[in-house]
Amino acid sequence: MTITLDADQHLFESRTLWRDHADPGDRDLALEIVDDETGNAWVSWQGTQISLAHVTTPGDPDDVGRQQARAREGLPPEIHYDDALPRDYWDPAARVATLDRLGFDAAVLFPNYGLVWEHTLAGNLAATKANLTAWNRWAATVAHEGRGRLRPVGHLTLRDPEWLERELTALEAAGVRLAMIPPALVDNRPLSHPDLEPVWSAFEHHGVAPVFHVASTVRPFPDPWYETEENPDPNNLLMQSVFIWAAPALALADLALNGVFARHPDLRVGVMELAAVWVPMFFQFMDGGYAFTSKLAGSEHDLELAPSEYVKRQVRIAAFSFEQPQHLERAAGDLFMCCSDWPHSEGTDHALDEYAALSHGKVTRDEHPGLYGGHASWLLRDA
């Protein structure tokens, strides 16, 4: 029987999670959440404020904006961060109980503040690895305490293959089957670069699926495209939001067109919180471009399948209910997963009701088992 599985929830990090779980020699590189002189909490690194640590309420993005505005004006928070933070936002046992209220048997758990700091620390690989390792150790604890209902996502960089191998070994041993990576160039190399072939073999060998998720990391377009806007929140850029689909589309095209999926047929990839409505158009352009360029060149490409078929075979994509996944399925294939993004402000407390209401209640678990959990279970290698 297929369980009902939320493909995208988030678990808040404690103020000292990174220091608590880092190697002793790396604790000076650890992120932390600290209060400024007005009492606002910030995700910080060595005195640099990276992002306001705000407590989100599902379905209320305006509240985040109010918290941001107060902090910019030098005003204290209306409620102190620690007082506002519900226990089930960070505590594994409390989250299990909340799953019952939300109606899910299990949930994939991404980090919360892990989404905001990679771009800031990109120039310091040692600090990047130290903080990723710290989260991965906590993820192992969450997996143990969640007893199959909490499925935490590891967090990796591809910039150091030896370090990556160690992290994948530890994640596999802990039963962590997903790991977030940026859909981006790796030290100016595409994901299909020959130097990265051992990386994809390692993901296959350890049974860990790399997943792409919205985050502040290497951007798909040159920085000047983003510097034209006056946006007070560097982790919520307008152009980044408008083109949220560009990075995963580019990464998947590279992996499909340049043969990574063909060479690594057991490589499974997830795409979460990066929209899904772009997928049918993407398949048309990718397959069309692949066929058309070969005609213009007077030569044959060497893939055995159409590029989109590799994506359909090896990739699963989260689709919010408002994206009408039942229509996307007809246009692009059965590869979409339900998600709530709980407890983020753009998320929802009523995800299952919202999916069930589509097409006048016809999008049911019996008719769409992949959407409600089958595809996420496949990524997790439970099915």
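Predicted model: local features only at pLDDT ≥ 70, side-chain atom pairs only at ≥ 80, totals over all residues.

Colleague: Pocket then. What volume does the largest pocket have?

Modeller: The largest pocket comes out at about 1300 Å³.

Colleague: And how many residues line the largest pocket, and which lie nearest its centre?

Modeller: The lining has 50 residues. Nearest the centre are Val214, Asn235, Asn236, Glu273 and Glu346.

Colleague: How does the lining divide into nonpolar, polar and charged?

Modeller: There are 27 nonpolar residues, 16 polar ones and seven charged ones in that lining.

Colleague: Which element supplies the largest share of the lining?

Modeller: That's α2, with five residues. Elements giving at least two lining residues each include α2 (61–72), β4 (48–52), α8 (238–242) and α9 (246–257).

Colleague: Switching to the sheet. What's the strand order?

Modeller: Eight strands make an open sheet, running β1-β5-β6-β7-β8-β9-β10-β11, with parallel pairing.

Colleague: Which strands stand at the edges, and what does that leave them with?

Modeller: β1 (5–11) and β11 (336–337). Each has a single partner strand, so one side of each has no neighbour in the sheet.

Colleague: How many bridges join β10 to β11?

Modeller: Two, between β11 and strand β10 (residues 315–318), and the two strands run parallel. If you want a pair to click on, Ala318 sits opposite Met337 in β11.

Colleague: OK, helices. Why is α15 described as largely enclosed?

Modeller: Because ten of the eleven residues of α15 (residues 369–379) are buried, the rest of the structure largely encloses that helix. Among the buried ones are Tyr372, His375 and Trp378, along with glycines such as Gly370, Gly373 and Gly374.

Colleague: What about the backbone just after α15?

Modeller: Arg381 is there, with a positive phi of about 60 degrees.

Colleague: Last one, Ala174. Where is it found?

Modeller: Ala174 belongs to helix α6, which covers residues 161–174.

Colleague: Is Ala174 buried, exposed or partly exposed, and why?

Modeller: Ala174 counts as partly exposed because its relative accessible area is 27%, while buried means under 20% and exposed over 50%.

Colleague: Leaving out neighbours within four places in sequence, which residues is Ala174 in contact with?

Modeller: Ala140 and Ala143.

Colleague: And how far is Ala174 from Ala356?

Modeller: C-alpha to C-alpha, Ala174 and Ala356 are 34 Å apart in space, and they're 182 residues apart in sequence.

How values were computed: Residues numbered from 1 in each chain as written. Heavy atoms only, no water. Helix = DSSP H or I, 4+ residues; strand = E, 2+ residues; numbered from the N terminus. Buried < 20%, exposed > 50% of the residue type's maximum accessible area, 1.4 Å probe, protein only. Contact = heavy atoms within 4.5 Å. 1 Å grid on protein atoms, 1.4 Å probe; cavity = no way out; pocket = protein on both sides within 12 Å on 5 of 7 lines; lining within 4 Å. Points joined across faces, edges and corners; volume = space filled by probe spheres on them. Nonpolar A, V, L, I, M, F, W, Y, C, P; charged D, E, K, R; others polar. Pairing = 2+ DSSP bridges.
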